[in-house]
Amino acid sequence: MTVTLIWIAVALVAIGLYLGWTAGRLDRLHARIDAARAALDAQLVRRASVTQEIATSGVLDPAASIVLYEAAHAARQAEEEHREVAESELSQALRAVFTEPAQVDAVRAAPGGVEAAEELAQAARRVPMARRFHNDAVRAARALRRHRTVRWFRLAGHAPFPLAFEMDDEPPAALADRPGS
């Protein structure tokens, strides 16, 4: 009788340890998602800011400046539910304006343009990386949350189901392929 009770107690402790470890892992994944989302937001804001700076610098033709400024402004002001679309439109505007290396050369020729072009190229490269880190964390959390144990014991608590950030983040080729950028 006591041996059976000891085995039951050991089994309950093992189950409790496993549930605690799983809940801790899920909590760490949610914290990773939050940190990755903050990094993604910072990179998106940086890209939009640099784009607005270049658009208002006067080195681009007026039509390109307006397209870039409006897309960057819309991306910065977008509500959360419309942000993916606004950021995708900014990516498309950047590709449309910087299809030709001549546009990048025009930015580089202006005073302070080399730094602005470098900063835009860096921002355009960092957005896909930040989005990939965020979406990888979301994918890992979703996989763990799909396990029966997590659902049955409600280990996720009241945390919202994590959502990936899907957008067009391909950088302009003229910026991405620049030597020294």
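**Salt bridges and exposure in a predicted model**

Biologist: What makes Asp 136 and Arg 139 a salt bridge?

Modeller: Their side chains meet at 2.6 Å, N to O. A salt bridge requires a side-chain nitrogen of Lys or Arg within 4 Å of a carboxyl oxygen of Asp or Glu, so the pair at 2.6 Å qualifies. The model is predicted: local features need pLDDT of at least 70, side-chain atom pairs count only at pLDDT 80 or more, and totals for chains, interfaces and linings use all residues. Residues are numbered from 1 along each chain as its sequence is written, and side-chain values use heavy atoms, with hydrogens and water left out.

Biologist: Where do Asp 136 and Arg 139 lie?

Modeller: Both belong to helix H5, three residues apart, about one turn of the helix. Helices are DSSP runs (H or I, at least four residues), numbered from the N terminus.

Biologist: Why is Asp 136 called partly exposed?

Modeller: Its relative accessibility is 32%. Buried means under 20% relative accessible area, exposed over 50%, and partly exposed in between (1.4 Å probe, protein chains only); Asp 136 at 32% therefore counts as partly exposed.

Biologist: How many salt bridges does this rule give?

Modeller: The count comes to 10. Among them is the pair Arg 131 and Glu 166, whose side chains meet at 3.4 Å, N to O. This pair links distant parts of the chain, 35 residues apart: Arg 131 is in helix H5 (residues 113-145), while Glu 166 is in the loop between helix H6 (148-152) and helix H7 (173-176).

Biologist: Are Arg 131 and Glu 166 buried or partly exposed?

Modeller: Arg 131 counts as buried because its relative accessibility is 16%. Glu 166 has a relative accessible area of 48%, so it is partly exposed.

Biologist: Why is Arg 37 called buried, and why is Asp 41 called partly exposed?

Modeller: Arg 37 is buried because its relative accessible area is 18%. Asp 41 is at 23% relative accessibility and therefore counts as partly exposed.

Biologist: What makes Leu 12 exposed?

Modeller: The relative accessible area of Leu 12 is 56%, so this residue is exposed. Leu 12 lies in helix H1 (residues 2-55).

Methods: Helices (H or I, at least four residues) and strands (E, at least two) are DSSP runs, numbered from the N terminus.
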